[in-house]
Amino acid sequence: MNMNIFVGMRWLLTLVPASMLLCCCEGIRYETWVHSVSAEAASDPVLREMFSLSFADCRGNDPQSPRDADLAVVLGDAGYTFTSSRRVFSYGVPALNALAIETGGYLLLFVEDLNPALLPAILQDADPDLRLLLILSAPCAQLANMNFTDVIVAQRGGESAQDSHPCIYAYDGAWTYLGTVGYDSRNLNCDLEILE
């Protein structure tokens, strides 16, 4: 009789842990093609903070009032003027007959007629923490062979180099921070992502 109790206890001690192990393992499911897999939708992307830029070449024409933009630059017969609702640091570059504006993490260099021979000096002197954008009154054929991207031509699918319209040349991938660039024969408008 005592032997039957011992055998029964042994079976009981074997079956109880085995049952517990089976109960614990039953909750494990392997996802295969038979089972549907669910995923939660990602949250909406955070909108980037942008500022608007407007440039107008009014040489030889009646002066225009700047377009409504965070930074509006006008090139007239007397040179460059600008208005800004942003904090900017501006200075003239006499050697280039240019206006330089630092804002939003960019060095915006507005140049009437660029001498490409001076470009290496511009790049060497530029703050490496700022993205350089050259805004020219017309395309510059020499820049096409350098590490610059003519943003307008790239977005518009190609324009004749003889067309006289403002162009943006971006150094070191800065063109990736621009929104759509719109222009007509003497005006240019775009949005820039704020990098500061």
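**Reading the pocket and the cores**

Analyst: The lining of the largest pocket divides into ten nonpolar residues, one charged residue and no polar ones. Here Ala, Val, Leu, Ile, Met, Phe, Trp, Tyr, Cys and Pro count as nonpolar, Asp, Glu, Lys and Arg as charged, and the others, Gly among them, as polar. This is a predicted model, where local features need pLDDT of at least 70 and side-chain atom pairs count only at pLDDT 80 or more, while totals for chains, interfaces and linings use all residues. Residues are numbered from 1 along each chain as its sequence is written, and side-chain values use heavy atoms, leaving out hydrogens and water.

User: Which residues line the largest pocket?

Analyst: A pocket is an open set of points on a 1 Å grid over the protein atoms alone, where a 1.4 Å probe fits, with protein on both sides within 12 Å along at least five of seven lines; lining residues have an atom within 4 Å of a point. In this model they are Tyr91, Val93, Ala95, Leu96, Leu107, Leu109, Leu118, Ala121, Ile122, Asp125 and Ala126. Two or more of them come from each of β4 (89-93), β6 (106-111) and α2 (119-125). With three residues, α2 gives the largest share. Helices (H or I, at least four residues) and strands (E, at least two) are DSSP runs, numbered from the N terminus.

User: Why does Val111 count as buried?

Analyst: Buried means under 20% relative accessible area (1.4 Å probe, protein chains only). Val111 has 0%, so it is buried. This residue is found in strand β6, and its C-alpha atom is 8.6 Å from that of Ala100, eleven residues apart along the chain. Not counting residues up to four places away in sequence, Val111 touches (heavy atoms within 4.5 Å) Tyr80, Leu96, Ala98, Leu134, Ile135, Leu136 and Ser137.

User: Where does Ser137 lie?

Analyst: Ser137 is in the loop between β7 (131-136) and β8 (148-150). Its relative accessibility is 5%, so Ser137 is buried too. Beyond four places in sequence, Ser137 touches residues including Phe55, Arg59, Val111 and His165.

User: How many residues has the largest nonpolar core?

Analyst: A nonpolar core is a set of buried Ala, Val, Leu, Ile, Met, Phe, Trp, Tyr and Cys residues joined through side-chain atoms within 4.5 Å. The largest has 23 residues, and Phe55, Val73, Leu108, Phe110, Leu133 and Leu192 have the most contacts inside it. A second, separate core has 18 residues, among them Ala98, Ala100, Leu107 and Leu114. As for Leu192, its contacts beyond four places in sequence include Met50, Leu53, Leu108, Leu133 and Tyr177.

Definitions and conventions: Buried means under 20% relative accessible area, exposed over 50%, partly exposed in between (1.4 Å probe, protein chains only).
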